[in-house]
Amino acid sequence: MEAVNLLSSNRYTEKQIGYLFISVLVNSNSELIRLINNAIKNDLASRNPTFMGLALHCIANVGSREMAEAFAGEIPKILVAGDTMDSVKQSAALCLLRLYRTSPDLVPMGDWTSRVVHLLNDQHLGVVTAATSLITTLAQKNPEEFKTSVSLAVSRLSRIVTSASTDLQDYTYYFVPAPWLSVKLLRLLQCYPPPEDPAVRGRLTECLETILNKAQEPPKSKKVQHSNAKNAVLFEAISLIIHHDSEPNLLVRACNQLGQFLQHRETNLRYLALESMCTLASSEFSHEAVKTHIETVINALKTERDVSVRQRAVDLLYAMCDRSNAQQIVAEMLNYLETADYSIREEIVLKVAILAEKYAVDYTWYVDTILNLIRIAGDYVSEEVWYRVIQIVINRDDVQGYAAKTVFEALQAPACHENLVKVGGYILGEFGNLIAGDPRSSPLIQFNLLHSKFHLCSVPTRALLLSTYIKFVNLFPEIKTTIQDVLRSDSQLKNADVELQQRAVEYLRLSTIASTDILATVLEEMPPFPERESSILAKLKKKKGPGTVTDLEEIKKERSSDMNGSAEPASVNASAVSTPSPSADLLGLGAAPLTNSAPPPSSSGSLLVDVFSDSASAVAPLAPGSDDNFARFVCKNNGVLFENQLLQIGLKSEFRQNLGRMFIFYGNKTSTQFLNFTPTVICSDDLQSSLNLQTKPVDPTVDGGAQVQQVVNIECVSDFMEAPILNIQFRYGGTFQNLSVKLPITLNKFFQPTEMSSQDFFQRWKQLSNPKQEVQNIFKAKHPMDAEITKAKIIGFGSALLEEVDPNPANFVGAGIIHTKTTQIGCLLRLEPNLQAQMYRLTLRTSKEAVSQRLCELLSEQF
């Protein structure tokens with residue numbers, strides 16, 4: 001209570017003690033909180049900058065929900081008021097930031113949001129710094145409201161970067177002008193894509209180039225504070241360059257700058273350089289530049305003292321790996337694995353397994369690599385790794401003999417890891433007959449070799465070996481008696497473990513009473529495994545956690561990637577999205593359902609099948625800007641639907657009654673081939689019942705600068721609201737590309753205009769004379785009106801009302817006929833243009849008032 005009394009004092013020292021006491025010791029649930037809030041309100045209203053600062057500091061320090069409820073509406077007013085002192089603005093911005101972080105729902109978004117953006121132009125850099133922190137946090141949640149901050153941030157950043165240290169003397173830290181503000185502005189710009197305005201974009205590029213140039217200049221001071229401040233700005237600029245991923249020149253320059261830090265004597269710089277280069281490696285523009293530093297990264301892996309830096313080096317090697325350097329990188333990672341820290345061995349094992357599988361050009365190398373991996377780090381080889389080995393061997397007819405021979409030789413070592421016994425038991429049980437012709441690997445020798453490991457293994461491995469023995473009974477009838485003796489022994493039939501006992505009893509009985517034909521049927525070879533998400537990749541992502549460099553790199557480069565150019569996928573019927581029935585999985589891996597009707601790739605045309613992909617057909621989110629392009633096609637049939645640095649998609653379509661045909665043109669804007677080019681039209685379940693789509697396959701290879709055409713035949717069965725999704729997947733320069741856009745197939749495409757004389761129209765119009773049968777709304781147009789486009793849009797709006805107002809087609813009459821297979825629906829519209837104002841009427845036999853009101857709302861939103 002004494003502290004609360006001090007708040008009402010007019011002496012600064014007493015008021016400061018009161019606020020300090022309350023900030024530190026008073027609980028937000030205190031009974032005195034109401035008195036405290038009243039005192040704070042008085043100080044905020046006093047316009048005394050010193051007292052206002054104390055009150056704002058107290059609110060920020062406590063930061064409770066009660067404080068937010070009491071002051072979240074007042075602080076923005078103080079922040080944007082024209083007569084507020086600079087020091088108070090700083091405190092108000094940071095206080096509002098604290099309240100928004102603790103209770104975002106209580107901070108009202110209003111007129112102040114547009115005004116707070118202009119604080120970036122404030123003459124006081126302290127105010128700009130505090131405001132930038134606030135705007136960055138707000139923009140992360142509400143990017144559209146603060147979009148105007150981009151140009152202001154670029155302008156302010158440009159002034160800082162191009163200034164001399166003497167220009168901003170009060171905000172220069174060891175010869176670096178306003179480093180903290182520069183970092184905050186660069187982080188704010190990372191909330192948005194590259195600026196669309198060419199002038200702003202050019203100015204930002206100039207700023208980033210200047211920052212990179214200054215990094216090359218000799219240091220102006222030998223103090224560590226100078227290099228820290230300079231590098232803080234540099235690394236944030238590189239993060240922005242990576243975020244935009246649109247300027248090849250900047251990306252390569254950033255990569256070269258980071259390459260210089262790889263051998264820096266400062267450990268933190270080496271760590272940050274490796275971490276940033278991991279992200280650069282996933283960009284198509286800088287991947288090759290990152291690869292030039294492979295020797296330096298390998299050297300860091302061997303000589304670096306700090307384990308965290310070594311781990312980043314492993315991440316970077318994994319990110320920069322492609323077909324050209326896969327064998328070198330995998331060999332180096334295997335060498336390092338022998339002396340690697342125990343904390344990162346499992347992660348290295350997973351990465352080696354993934355890279356060996358993904359980039360194997362010779363299956364002999366893949367099998368040798370995995371067996372070597374099990375030998376070096378058997379305890380860290382998870383079940384997922386040897387599951388994948390078995391799946392791949394079973395799916396590949398041409399390498400099964402080599403795999404059987406290799407595991408047989410590996411099992412002859414005196415000490416074999418249990419995972420190797422599992423792989424050997426499974427593969428020899430399936431394909432031991434392929435090497436049985438050699439006297440050195442006769443059936444009896446294979447059996448004795450496996451059984452010599454039996455007593456050293458755990459129960460699950462013994463169970464697997466028993467299954468191998470019964471497989472041998474089918475493969476090698478000459479050793480059937482020997483195997484039956486083992487199954488008949490007391491150690492098996494009376495085993496304490498129920499699983500082993502049951503297997504021994506059932507396998508012995510099966511081998512005794514079953515005929516040769518029945519045995520061959522029951523114990524035939526395993527069928528090929530269905531394609532699914534790689535369990536190794538899933539485990540690595542789970543281990544690394546969401547949002548990591550590995551996760552980003554997988555999303556950009558490896559989603560649905562095919563291993564070593566598997567056979568071209570068959571064409572997809574766009575009108576259906578089917579899910580294959582799950583196959584039996586004896587290894588206990590749940591099959592991931594596919595998301596379109598493409599069959600699994602054939603294994604006959606490639607060295608490896610697609611066993612590594614996240615999903616056989618993972619559908620990407622809609623590409624940025626695709627909605628805007630989609631809207632343009634509502635009123636036109638031809639034009640460019642989508643375009644980026646690699647690909648241009650053009651459309652030419654024609655519609656007649658309930659039928660339509662669309663020609664889709666895919667243009668390769670680069671000089672490099674697109675491989676495995678697979679466009680797929682995907683419809684939701686509801687849309688499939690309304691639209692019949694038939695697509696013709698396209699050539700899976702698109703040469704540089706070439707264009708391919710795809711034809712889509714369309715039939716409208718009934719009215720619909722959604723649009724199909726066009727998903728395009730292909731490989732460009734070893735990088736997997738995946739994008740989706742909406743196909744502009746809308747209901748108004750199937751409208752057929754009908755002529756109506758003015759006499760007929762007004763005759764119908766005058767019949768509607770009852771009260772409330774007509775509604776009109778007059779509003780100012782936001783844009784110039786084009787009569788033809790407006791008419792087309794109105795027809796589209798009429799179709800949007802069908803489901804909202806009256807689903808019974810019999811209740812609609814009029815002048816815009818929608819042709820479908822089963823219905824003919826009409827809307828009667830009359831348009832009267834009047835310079836800046838427009839009046840629209842929609843007349844129907846029933847519910848006219850509701851329909852007209854809804855149409856007015858739709859039109860006012862659009863125009």
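**Close-up views of a predicted model**

**View A. A salt bridge between Arg-270 and Glu-304.** Arg-270 is buried, at a relative accessible area of 13% (buried: under 20% relative accessible area; exposed: over 50%; partly exposed: in between; 1.4 Å probe, protein chains only). The model is predicted: local features need pLDDT of at least 70, side-chain atom pairs count only at pLDDT 80 or more, and totals for chains, interfaces and linings use all residues. Residues are numbered from 1 along each chain as its sequence is written, and side-chain values use heavy atoms, with hydrogens and water left out. Glu-304, the partner of Arg-270, is also buried, with a relative accessible area of 10%. The N to O distance in their salt bridge is 2.8 Å (a side-chain nitrogen of Lys or Arg within 4 Å of a carboxyl oxygen of Asp or Glu). Arg-270 belongs to helix α15 (residues 267-280), while Glu-304 sits in the loop between α17 (294-303) and α18 (307-320), so the pair links distant parts of the chain, 34 residues apart (helices, H or I of at least four residues, and strands, E of at least two, are DSSP runs numbered from the N terminus).

**View B. A salt bridge between Glu-430 and Lys-471.** The closest N and O atoms of Glu-430 and Lys-471 are 3.0 Å apart. Because Glu-430 lies in helix α24 (residues 418-431) and Lys-471 in helix α26 (residues 459-475), the pair ties together parts that are 41 residues apart in sequence. Both Glu-430 and Lys-471 are buried.

**View C. The salt bridge of Arg-11 and Glu-14.** The side chains of Arg-11 and Glu-14 meet at 3.6 Å, N to O. Arg-11 is exposed, with a relative accessible area of 54%. Glu-14 is partly exposed, with a value of 28%.

**View D. A nonpolar patch on the surface.** Leu-20, Phe-21, Val-24 and Leu-25 form the patch, with about 430 Å² of accessible area together (patches: residues with over 30% relative accessible area and no salt bridge, like charges joined within 9 Å, nonpolar side chains of Val, Leu, Ile, Met, Phe, Trp and Tyr within 5 Å; areas: Shrake-Rupley method, 1.4 Å probe, for residues only the protein chains shown counting as cover). Val-24 is placed in helix α2 (residues 12-25). Val-24 counts as exposed because its relative accessibility is 62%.

**View E. Ile-40 in the largest nonpolar core.** Of the 191 residues in this core, Ile-40 and Leu-373 touch the most other members (a core: buried Ala, Val, Leu, Ile, Met, Phe, Trp, Tyr and Cys joined through side-chain atoms within 4.5 Å). Helix α21 (residues 363-377) gives the largest share of the core, ten residues. Neighbours within four places in sequence aside, Ile-40 is in contact with Tyr-19, Ala-55, Cys-58, Ile-59, Met-67 and Phe-71 (heavy atoms within 4.5 Å). Another core, of 37 residues, lies apart from the largest one and includes Val-702, Val-708, Cys-716 and Leu-743.

**View F. Polar surroundings of Asn-727.** Asn-727 is in strand β9 (residues 725-732). Asn-727 is buried, with a relative accessible area of 2%. A polar atom of the Asn-727 side chain lies 3.2 Å from the backbone oxygen of Leu-739. The side chains of Asn-727 and Ser-740 are joined by a polar contact of 2.8 Å (N or O atoms within 3.5 Å; within protein, one able to donate a hydrogen and the other to accept it, residues adjacent in sequence counting only if both atoms are side-chain atoms).
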